[in-house]
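Please examine the sequence and the three-dimensional structure shown here. A short briefing accompanies them.

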Amino acid sequence: MAFAKKSLFVVLAVFLLSHLGCEAQVQLPANVWSELAVADISAEDVWAIYSSPGLPRLIVELMPFRFQRIDVLSGDGTQGTILNITLQPTNSGPLTWHEQFVEINHRTRTKVVRQINGGFLNIGFTLYENIFQIRKTGRNSCVIRATNNFIILQGSESGASFITASWRMAYAVVDYIRANRANNYLASKTDSQ
Ligand SMILES: *[C@@H]1O[C@H](CO)[C@@H](O)[C@H](O)[C@H]1NC(C)=O
């Protein structure tokens with residue numbers, strides 16, 4: 001009787017373990033971040049671009065080597081907006097996905113953009129999001145932090161090789177603001193002459 005009970009328990013345990021082994025895949029969370037210190041532009045001015053409803057259109061113009069097109073699937077560029085992203089075929093890693101502006105917080109100057117369909121979710125990721133945070137460091141200076149949060153299912157770790165810390169978007173936005181200022185300065189000089 002005791003033996004029968006014990007072997008039943010062992011069989012049950014083996015069944016549960018093998019079952020769990022298949023069902024509960026191991027999730028591997030990680031993140032990568034980059035920071036760009038900007039010495040001549042205020043946090044407010046940088047945030048105005050990052051939070052702008054027009055950013056999806058602008059960023060295709062500023063980074064033509066990265067983006068082929070960005071279509072708005074729903075929303076008006078504010079929190080909740082869903083975009084269809086298509087990268088240029090010369091990029092490595094996933095080339096197309098849907099992403100959502102899940103948070104645009106004007107108080108903390110934080111924008112969270114999460115892939116919700118396709119992209120990294122098709123190659124063994126259960127989470128892939130970019131968080132942009134603009135931190136004030138002075139009246140006319142700030143730090144642009146870009147964090148990439150992701151969770152990979154065990155067995156799909158090779159997908160992580162597509163992820164690198166990148167300052168590209170921060171550089172593009174900063175260059176755009178500086179160029180705009182120079183243009184405005186020239187325009188105002190021309191006006192006053
Ligand atoms: C998203 O873009 C891709 C590639 O440009 C296109 O094939 C697809 O139909 C688009 N999806 C939607 C829902 O518009």
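Residues are numbered from 1 along each chain as its sequence is written. The protein chain has an average pLDDT of 90, where pLDDT is the predictor's confidence in each residue, from 0 to 100.

**Confidence**

- A pLDDT of at least 70 is reached by 87% of the residues.
- Over residues 10-17 the pLDDT stays under 50, and the model has zero contacts there beyond four places in sequence; two residues are in contact if their C-beta atoms, placed from the backbone, lie within 7 Å.
- Where pLDDT is low, the predicted coordinates should not be read in detail.

**Surroundings of the ligand**

- Asp71, Leu73, Asn84, Thr86 and Thr96 surround the ligand, a residue being near a molecule if its C-beta atom, placed from the backbone, lies within 6 Å of it.
- Strands S2 (67-74) and S3 (82-87) each supply at least two residues of this shell; helices (H or I, at least four residues) and strands (E, at least two) are DSSP runs, numbered from the N terminus.
- The shell comprises one nonpolar, three polar and one charged residues; Ala, Val, Leu, Ile, Met, Phe, Trp, Tyr, Cys and Pro count as nonpolar, Asp, Glu, Lys and Arg as charged, and the others, Gly among them, as polar.

**Nonpolar cores**

- The largest nonpolar core has 17 residues, of which Val46, Tyr50, Ile134, Cys142, Ile144, Ala170 and Val173 touch the most other members. Such a core is a set of buried Ala, Val, Leu, Ile, Met, Phe, Trp, Tyr and Cys residues joined through C-beta atoms within 7 Å.
- Helix H2 (43-50), helix H3 (55-62), strand S6 (125-138), strand S7 (141-153) and helix H4 (168-192) give two or more residues to this core, and H2 gives the most, with five residues.
- Apart from this core lies another, of five residues, including Phe120, Phe125, Tyr128 and Ile152.

**Two prolines in loops**

- Pro64 lies in the loop between H3 and S2. Pro64 counts as exposed because it has 10 C-beta neighbours inside 10 Å; a residue is buried if 20 or more other C-beta atoms, placed from the backbone, lie within 10 Å of its own, exposed if 12 or fewer, and partly exposed in between.
- Pro89 is in the loop between S3 and strand S4 (96-105), and Pro89 is exposed, with 7 other C-beta atoms within 10 Å.

Methods
This is a predicted model: local features need pLDDT of at least 70, side-chain atom pairs count only at pLDDT 80 or more; totals for chains, interfaces and linings use all residues.
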